[in-house]
Amino acid sequence: MLLPDHQYLTVDSLSDCLKALRENGERAQVVAGGTDVIFNMRLKLFEPDVALSIRRVAELQQVEELPDGGLRIGAGCRLVDLVEHPLVNERYPAFADAVRAVASAHIRNIATLGGNICLKTRCWYTNNSEQWRQGVKECFKTDGELCHVIKSSSLCHAINNADTPLPLITLGAVLTLQNADQRREVPIAEFYRKDGMDHTVLAPDELVTHVTLPPVADRTVFLKIAARQGMDFSQAAIAARAAGTGADAPQVSLVLGSISMAPIQLDQPARTVEAQGLSDEAIEQAVAQVRAELGELTSLYARASYKSHLAKVLVRRALKALREM
Amino acid sequence: MAKHMISLTINGDTYDLVVSDTQTLLDVIRGDIGLKGTKRGCTTGACGVCTINDSKGRAILSCMTHVLEWDCESITTIEGLESNGELDAIQRAFIEYGAVQCGSCTPGVIMSAKALLNAHPQPTEEQINEAMSGVLCRCTGHVKVKEAIRNAHRIREASSHAATD
């Protein structure tokens with residue numbers, strides 16, 4: 001499958017990149033590692049006039065230690081650099097696990113953190129070639145008027161399969177979004193929209209430049225279930241965090257991924273274990289509350305009914321893992 | 001479609017090339033240079049048969065990257081592993097352990113294994129699994145591939161002893 005015709009523009013600095021984004025707006029697509037962008041371009045899911053390469057922008061590729069004990073990570077850092085980074089592993093083990101869980105070593109050698117955070121949503125219909133799709137009516141993503149995943153829906157129900165945002169949400173990470181005039185700080189928990197088409201709050205002229213992680217001493221865990229351990233997108237994944245020690249967990253956060261158009265923060269199950277501690281009974285009570293928070297379930301890499309089962313299994317495993325830490 | 005001049009070093013030979021915006025590194029390796037060892041597979045990043053090594057000896061999927069990213073870079077393909085008519089230790093290990101059947105995935109599998117051995121000459125089981133997770137071999141079931149990788153360092157040492165004897 002050939003790439004659709006486009007102009008390939010390489011920029012050397014952040015300011016040049018933001019200027020080019022301002023000039024080209026929605027006609028441009030930023031390419032960092034390219035592994036997700038090229039996949040989508042091959043499937044003709046988007047055909048930008050300009051592919052804007054930021055791979056030579058050194059200022060986006062640094063991991064900076066903050067005085068408060070946190071880290072500020074450039075969005076252009078390749079996943080392999082984070083996997084191998086001693087401070088990332090030491091301070092944010094669950095985040096390091098999530099980075100290590102993304103695709104294969106080959107992909108991590110070139111894919112970036114910003115790319116995974118902005119990963120395009122996927123569904124069983126758009127995961128096919130243009131020729132295959134032409135046999136079926138076009139959907140919202142391919143300029144049609146319906147969603148094949150949930151036929152009666154007025155929204156695109158493609159799933160957000162990114163792994164790294166899940167621990168970042170539990171850790172309270174903040175994204176820096178910048179355009180040619182200004183920058184804004186957006187907590188990553190507020191970055192995603194429940195719409196497969198327009199799945200983040202990023203404006204066409206904006207770039208995710210940095211991820212800021214506050215210091216965190218709590219217990220954290222990341223678990224992923226996929227068809228194979230390596231290469232595959234998650235069927236379901238979870239990041240969890242708890243304050244306290246042992247069964248005592250005064251503050252808990254649980255975030256599920258690869259289930260819906262955006263990561264799902266489980267409120268009721270977290271409140272249950274906060275109130276009752278991480279006993280087996282409380283964990284089972286929390287597990288019983290999971291399904292109600294998932295919304296409509298759809299199939300991608302696993303059947304919807306199995307995803308509901310996986311969500312519960314992951315919550316149980318994550319809470320038990322936290323208890324043992 | 002605009003054309004650009006780039007300079008790319010493949011297996012130690014530097015090529016000055018005229019390439020277009022939409023060409024991937026794989027398109028140029030196979031089409032423009034004519035090195036057909038690197039294969040085109042799924043072109044979506046799932047099979048790994050297009051794997052090459054970058055200047056740091058890391059495994060890269062050449063079908064998932066624009067060639068314009070590789071201006072002034074140096075890469076190694078499967079053709080670049082042998083030197084002076086002698087195969088690399090990992091290639092000899094693949095032969096000795098029968099880690100090849102139909103051969104379609106072999107260049108990608110060997111370049112992935114080479115990248116692993118560059119970083120860890122005697123890899124652990126976990127490191128082998130992680131490094132080889134990005135390539136698919138439908139014939140061998142990966143068992144013999146892993147045997148070859150585990151024993152590549154022994155073959156390398158044996159040949160370096162033979163050279164000094």
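**The second largest pocket and the contact between the chains**

Author: The second largest pocket has a volume of about 1,200 Å³, in a model that is predicted. Its lining comprises 39 residues, and those closest to the centre of the pocket are A:Arg100, A:Arg108, B:Glu126, B:Glu130 and B:Ala131. Divided by class, the lining has 16 nonpolar, 12 polar and 11 charged residues.

From the pocket we turn to the contact itself. Chain A contributes 32 residues to the contact, and chain B contributes 30 residues. Between them the two chains bury about 2,700 Å², of which 52% is on carbon and sulfur atoms. On the side of chain A, the residues that lose the most area to chain B are A:Tyr8, A:Arg42 and A:His106, which together account for 26% of what that side buries.

The polar side of the contact may be described next. Across the interface of chain A and chain B there are 13 residue pairs in polar contact, with both residues at pLDDT 80 or more. Four elements of chain A each give two or more residues to the side that touches chain B: strand 1 (7-10), helix 2 (35-42), helix 3 (79-83) and helix 6 (105-108). The residues on this side of chain A divide into 11 nonpolar, 11 polar and 10 charged.

Over all chains the count comes to 31 salt bridges, and four salt bridges lie between chain A and chain B. In one salt bridge, the side chains of A:Asp81 and B:Arg58 meet at 3.7 Å, N to O. A:Arg55 forms a salt bridge with B:Glu69, with 4.0 Å between the closest N and O atoms. A:Arg55 lies in the loop between strand 3 (50-53) and strand 4 (63-65) of chain A, and B:Glu69 in the loop between strand 4 (59-61) and strand 5 (73-75) of chain B, so this pair joins two chains.

Technical notes
Residues are numbered from 1 along each chain as its sequence is written. Chains are lettered from A and ligands numbered from 1 in the order in which they are written. This is a predicted model: local features need pLDDT of at least 70, side-chain atom pairs count only at pLDDT 80 or more; totals for chains, interfaces and linings use all residues. Side-chain values use heavy atoms; hydrogens and water are left out. Contact means heavy atoms within 4.5 Å. Buried area is the accessible area (1.4 Å probe) that two parts lose on being put together, summed over both. A polar contact is a pair of N or O atoms within 3.5 Å; within protein, one must be able to donate a hydrogen and the other to accept it, and residues adjacent in sequence count only if both atoms are side-chain atoms. Ala, Val, Leu, Ile, Met, Phe, Trp, Tyr, Cys and Pro count as nonpolar, Asp, Glu, Lys and Arg as charged, and the others, Gly among them, as polar. On a 1 Å grid over the protein atoms alone, a cavity is a set of points where a 1.4 Å probe fits but cannot get out, and a pocket is an open set with protein on both sides within 12 Å along at least five of seven lines; lining residues have an atom within 4 Å of a point. Grid points are joined across faces, edges and corners, and a volume is the space filled by probe spheres set on the points.
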